[in-house]
Amino acid sequence: MTEAILPPSQVDTLPPAEEPSAPSSIREFWWFFRQNRGAVIGMGVIAFFLLLAIFAPWLAPHDPTELFSDQLRTPPFWAEGGTMTHPFGTDDVGRDILSRLIHGSRVSMGIGLLVVFVAATIGTLLGLAAGYFGGKIDQVISRLMDIQLALPSILLAIVVVVVLGTSLVNTVIAVSLVELPKFVRLVRAAAMAERNKQYVIASRSFGAGHGRQMLVNILPNCMAPLIVQATLGFSDGILNAAALGFLGLGAQPPTPEWGTMLADSRAFIESNPSMVTLPGLCILLVVLGFN
């Protein structure tokens, strides 16, 4: 078969052929993301607790520090003697457990966010410096991180809190210090793999300085593993902060923090098990959702 040949006058009047539109990056990401059912469920759990943290003042039925002296250790609504006034019951001093759990999501999620921000920022800068410059700078930073990794993480956090004092700010500092080596080692390895590639060498030949090389050229290519580590660091930060709160070294009463709630209710694990189960279940779901 022969193709019809159109004269130039008719060819010029033909409409241009439409190119197939490429799928947007967000749509492509969502298509791949939803193939993993566990990831979708985890995102749903995180979104639920994130909404609780944002809208805690409006969702909580009571003030988390309000005392109902005539209703001490009331059971949840599904148990005998429970009421919908306090759906999850009250603790040993008469505070509404549901309200404290909702406000506790704000405290715990806030701690996790601050830990990731502090540890990722400092760890990225140290890792970039170690991986890019190498030599003595790399040796000093790497040996410091090795010494820190040789110590049990929770023990190191306890020592830092004992030295600095018990408060939420010092809890964030202690947990951030524990998470720091993970970010340093990860970024260092990625920077060492990138620094000798052709685009970095070409940029150096055009006179790019060290700051531009590290922050503009190398850092964007380290973001993929850094984002994964940040999600794991978020869950580790919440878990370590809860552990410090359980030991009495984190958030102090009456701050509604899940680890502190566990510590306050452990004496009633047999007489009123829901007081221990509910904050522990919140910690479990958030950590599992991020992981």
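Me: Are Phe49 and Trp258 buried or exposed?

Reply: This is a predicted model. A residue counts as buried when its relative accessible area is under 20%. Both Phe49 and Trp258 are buried in this model.

Me: How many aromatic pairs does the whole structure hold, and what kind do Phe49 and Trp258 form?

Reply: A search of the whole structure gives seven aromatic pairs. In the one formed by Phe49 and Trp258, the ring centres are 5.8 Å apart and the planes make an angle of 75 degrees. Planes over 60 degrees apart count as edge-to-face, so that is the label for this pair. Phe49 sits in helix H3 (residues 37-54) and Trp258 in helix H12, so the pair links distant parts of the chain, 209 residues apart. Ring pairs also bring in Phe48, which forms a cluster with Phe49 and Trp258.

Me: What lies over the face of Phe246?

Reply: Here the partner of the ring is a charged side chain. Arg266 lies over the face of Phe246, and the distance to the ring centre is 5.1 Å.

Me: Which residues touch the most other members of the largest nonpolar core?

Reply: Read a core as a set of buried nonpolar residues joined through their side chains. The largest one here has 41 residues, and those touching the most other members are Phe49, Leu101, Met109, Leu128, Ile218, Trp258 and Val286. Several helices give two or more residues to this core: H3, H5, H8 (168-194), H10 (210-218), H11 (223-246), H12 and H13. H5 supplies the largest share, ten residues. There is also a second, separate core of 14 residues, with Ile111, Ala157, Val160 and Leu249 among them.

Me: What is Met109 in contact with, leaving aside its neighbours within four places in sequence?

Reply: Setting those neighbours aside shows what the fold brings to a residue. For Met109 the contacts are Ile46, Phe49, Leu50, Ala53, Phe234, Ile238, Val286 and Phe290.

Me: Where is Leu52, and what does it touch?

Reply: Leu52 is part of helix H3. Its relative accessibility is 14%, so Leu52 counts as buried. Beyond its neighbours within four places in sequence, Leu52 is in contact with Leu59, Ile102 and Ser105. Leu52 and His103 are 51 residues apart in sequence, with 7.8 Å between their C-alpha atoms.

Me: Where is Asn272 found, and is it buried or exposed?

Reply: Asn272 is in the loop between helix H12 (258-265) and helix H13 (274-290). Its relative accessible area is 7%, so Asn272 is buried. The side chains of Asn272 and Ser274 are joined by a polar contact of 3.0 Å. Not counting residues up to four places away in sequence, Asn272 touches Arg73, Thr74 and Thr90.

Me: What is the phi of Arg73, and where does Arg73 lie?

Reply: Arg73 has a positive phi of about 55 degrees, although Arg73 is not a glycine. Arg73 is in the loop between helix H4 (56-59) and helix H5 (97-133). Its relative accessibility is 35%, so Arg73 counts as partly exposed.

Me: How many helices and strands does the protein have?

Reply: The secondary structure comes to 13 helices and zero strands.

Me: Why is the protein described as more spread out than a compact globule?

Reply: The way to read this is to set the radius of gyration against a rule for globules. The radius of gyration is 27 Å, well over the 19 Å that the globule rule gives for 291 residues, so the protein is more spread out than a compact globule. Along its principal axes, the C-alpha trace spans about 95 × 60 × 30 Å. Buried residues make up 41% of the 291 residues. Among contacts between residues at least 6 apart in sequence, 67% join residues at least 24 apart.

Key. Residues are numbered from 1 along each chain as its sequence is written. This is a predicted model: local features need pLDDT of at least 70, side-chain atom pairs count only at pLDDT 80 or more; totals for chains, interfaces and linings use all residues. Side-chain values use heavy atoms; hydrogens and water are left out. Helices (H or I, at least four residues) and strands (E, at least two) are DSSP runs, numbered from the N terminus. Buried means under 20% relative accessible area, exposed over 50%, partly exposed in between (1.4 Å probe, protein chains only). A polar contact is a pair of N or O atoms within 3.5 Å; within protein, one must be able to donate a hydrogen and the other to accept it, and residues adjacent in sequence count only if both atoms are side-chain atoms. Contact means heavy atoms within 4.5 Å. Rings of Phe, Tyr and Trp (its six-membered ring) pair if their centres lie within 6.5 Å; planes under 30 degrees apart count as stacked, over 60 as edge-to-face and the rest as tilted. A charge sits over a ring if NZ of Lys or CZ of Arg is within 6 Å of the ring centre and within 35 degrees of the ring normal. A nonpolar core is a set of buried Ala, Val, Leu, Ile, Met, Phe, Trp, Tyr and Cys residues joined through side-chain atoms within 4.5 Å. The radius of gyration is taken over C-alpha atoms; the globule rule is 2.2 Å times the number of residues to the power 0.38.
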